[in-house]
Amino acid sequence: MTIAQRLNQIRQQLPSHVRLIAVTKQVSVAQIRAAYESGIRDFAESHLQEAISKQEQLDDLKDICWHFIGHLQANKAKKAVLHFNWIHSADNLKIVQRLNRLAAESSLSPKVCLQVKILSDPNKYGWEEEELFAGLSELKTCKSLKIKGLMTILPLGLSQAEILATFKKVKDLAHKIKKQSNLDLNQLSMGMSGDYLLAIQAGATMIRLGRIIFGEKD
Ligand SMILES: *Cc1c(COP(=O)(O)O)cnc(C)c1O
């Protein structure tokens with residue numbers, strides 16, 4: 001199947017409020033152009049250098065919205081602010097504060113999701129629920145960022161029922177935070193190729209799909 005055919009199949013399953021983000025790590029610029037020609041405007045990358053090099057080659061496509069989804073090291077934060085419209089992977093208070101300062105310095109206001117870790121997973125970054133509540137007052141002072149929602153990546157090996165329950169917990173957490181603060185967490189960035197239908201069922205507003213659009217990499 002071509003990228004266009006795969007995208008058509010996926011789109012038929014999506015409610016209109018769900019934003020489809022194409023994840024293009026290790027995907028060639030030619031394949032990105034094919035997805036663009038099929039109507040995709042949201043693209044996500046998880047490595048800054050790879051992303052910036054592709055962005056330069058795609059500079060003629062002015063209406064792409066770029067999403068950063070990888071773990072962000074402090075010394076890379078400035079590039080993330082300069083090169084991305086959305087940062088989904090703000091996974092601790094220090095990095096959020098740094099992004100806020102850099103955004104102010106550059107007169108930019110990137111949209112940000114807070115990456116949360118609902119199930120403890122030593123291999124994954126993210127805020128634990130208690131950390132997030134403890135950080136709320138600090139987060140509210142980060143006025144140069146548009147903090148829009150929560151993002152999560154699930155650990156491997158969960159059953160369908162566990163996946164659905166965990167995505168629902170992320171939605172509940174966003175709801176609890178909205179009640180306690182003026183943070184407007186209406187976006188839920190969750191769901192990848194293997195679990196996006198469950199994520200949508202649980203209330204995802206943005207899904208991040210790689211393999212199911214571009215095929216498995218060898
Ligand atoms: C790679 C990646 C995806 C896409 O995963 P697929 O299984 O290829 O759909 C989504 N989110 C993040 C954070 C990723 O790193």
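## A tour from one loop outward

Start by selecting Ser107, which sits in the loop between helix H5 (93–105) and strand E5; helices (H or I, at least four residues) and strands (E, at least two) are DSSP runs, numbered from the N terminus. This is a predicted model, in which local features need pLDDT of at least 70 and side-chain atom pairs count only at pLDDT 80 or more, while totals for chains, interfaces and linings use all residues. Residues are numbered from 1 along each chain as its sequence is written, and side-chain values use heavy atoms, with hydrogens and water left out.

Stay on Ser107 and look at its backbone: phi is positive, about 50°, although Ser107 is not a glycine. Ser107 counts as exposed because its relative accessibility is 65%. Here buried means under 20% relative accessible area, exposed over 50%, and partly exposed in between (1.4 Å probe, protein chains only).

Next, select residues 111–116, which form strand E5. Is this strand largely enclosed or open? Five of its six residues are buried, so the rest of the structure largely encloses E5.

To see the two strands side by side, pick Ala90, which stands opposite Leu114 in E5. In a regular strand the side chains alternate between the two faces of the sheet.

Now go to Gln26, in the loop between strand E1 (19–23) and helix H2 (29–37). Gln26 is not a glycine, yet its phi is positive, about 60°. With a relative accessibility of 57%, Gln26 counts as exposed.

Finally, show the whole protein. Its secondary structure comes to nine helices and eight strands. Along the principal axes, the C-alpha atoms fill a box of roughly 50 × 45 × 30 Å. The radius of gyration is 17 Å, which agrees with the value near 17 Å for a compact globule of 218 residues; this radius is taken over C-alpha atoms, and the globule rule is 2.2 Å times the number of residues to the power 0.38.

Colour by burial, and buried residues make up 50% of the 218. Among contacts (heavy atoms within 4.5 Å) with a separation of 6 or more, 62% are between residues 24 or more positions apart.

Conventions
Two strands pair if DSSP finds at least two bridges between them.
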